[in-house]
Amino acid sequence: MRNRLITERLVIATHNPGKLIEMRELMIPYGITCVSAGKLGLPEPEETGTTFMENARIKAVAAAKASRMTAFADDSGLAVDVLNGDPAKDFAAAMQKIETLLQEKKATQPEYRRAQFVSALCVAWPDGHREEFEGTVSGTLVWPPRGTRGFGYDPMFQPDGHDRTFGEMTNDEKNRLPPRGRGLSHRARAFMKLAAACLGRPG
């Protein structure tokens, strides 16, 4: 089945300010006008899914139905190898909690502190059509956290091939897409798949 193009105003189905900034910046080159779910006063649905993609779908579908507009949602988080790859999403004191769990498992060496950032993107139309994409980036968890940029677990995640954490990188360094950047972050990698399928060429 052919992918459907996004051509109109788009609801970004998030109430997270950090995600909103990153997702808006990704859409700017394509000339898509974005409005947030928060600005429209849309309720936040309960995220009852057991995977990132299920939760992205819940948010996008709910926003599309409530607004009668095309909606774009991201669900993302950290999956830690030594913790069985389970998603970790609650940011309040969560970095310390993860570090405590790693210490309990004697995971003090870099090879035992492997993790992946995962981003699941869902675009939902009011008529029920959906497009879904996923991106991942692998790295190592550092302690103590470094950097004050980004949000969530960025300060403790050092992507492979780099000596700085996401918390020490600018949004441009993390998310700028080729040819001007490398599309380093999980969200940028998922977005590149979405753009190829649903957005055509940048304006």
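Biologist: Where in the chain is Thr-14 placed?

Modeller: In this predicted model, Thr-14 sits in the loop that runs between strand E1 (10–12) and helix H1 (17–27).

Biologist: Is Thr-14 buried or exposed?

Modeller: A residue counts as buried when its relative accessible area is under 20%. Thr-14 has a value of 9%, so it is buried.

Biologist: Which residues does Thr-14 touch, apart from those up to four places away in sequence?

Modeller: With those left out, Thr-14 touches Lys-19, Leu-20 and Met-23, and also Ser-36, Ala-37 and Gly-38.

Biologist: Let us turn to nonpolar cores. What is the general idea?

Modeller: In soluble globular proteins, nonpolar side chains tend to be buried together. Here the largest nonpolar core has 24 residues. Those with the most contacts inside this core are Ile-6, Met-27, Ile-32, Phe-72, Phe-191, Leu-194 and Leu-199.

Biologist: Which elements each supply at least two residues of this core?

Modeller: They are E1, H1, strand E5 (114–124) and H5. H5 gives the most to this core, with seven residues.

Biologist: Which residues is Phe-191 in contact with, leaving aside neighbours within four places in sequence?

Modeller: Phe-191 is in contact with Leu-26, Met-27, Tyr-30, Phe-72, Leu-121, Leu-177 and Leu-199.

Biologist: How should I read aromatic pairs?

Modeller: A pair of aromatic rings is described by the distance of the centres and the angle of the planes. The count for this model comes to five aromatic pairs. One of them joins Phe-157 and Phe-166, with 5.4 Å centre to centre and 45 degrees between the planes. Planes under 30 degrees apart count as stacked and over 60 as edge-to-face, so this pair, at 45 degrees, is tilted. Both Phe-157 and Phe-166 are buried. Elsewhere, ring pairs link Tyr-30, Phe-72 and Phe-191 into a cluster.

Biologist: How many cavities of 30 Å³ or more are there?

Modeller: There is one cavity of 30 Å³ or more. The largest cavity holds about 100 Å³ of space. It is lined by 15 residues, and the closest to its centre are Phe-117, Phe-151, Asp-154, His-186 and Arg-187.

Biologist: Which elements give two or more residues to that lining?

Modeller: Strand E3 (70–80) and helix H5 (186–198) do. E3 gives the most, with three residues.

Biologist: What is the lining of the largest cavity like by class?

Modeller: The lining has six nonpolar, five polar and four charged residues.

Notes
Residues numbered from 1 in each chain as written. Predicted model: local features only at pLDDT ≥ 70, side-chain atom pairs only at ≥ 80, totals over all residues. Heavy atoms only, no water. Helix = DSSP H or I, 4+ residues; strand = E, 2+ residues; numbered from the N terminus. Buried < 20%, exposed > 50% of the residue type's maximum accessible area, 1.4 Å probe, protein only. Contact = heavy atoms within 4.5 Å. 1 Å grid on protein atoms, 1.4 Å probe; cavity = no way out; pocket = protein on both sides within 12 Å on 5 of 7 lines; lining within 4 Å. Points joined across faces, edges and corners; volume = space filled by probe spheres on them. Nonpolar A, V, L, I, M, F, W, Y, C, P; charged D, E, K, R; others polar. Core = buried A, V, L, I, M, F, W, Y, C linked by side-chain atoms within 4.5 Å. Phe/Tyr/Trp six-rings, centres within 6.5 Å; stacked < 30°, edge-to-face > 60°.
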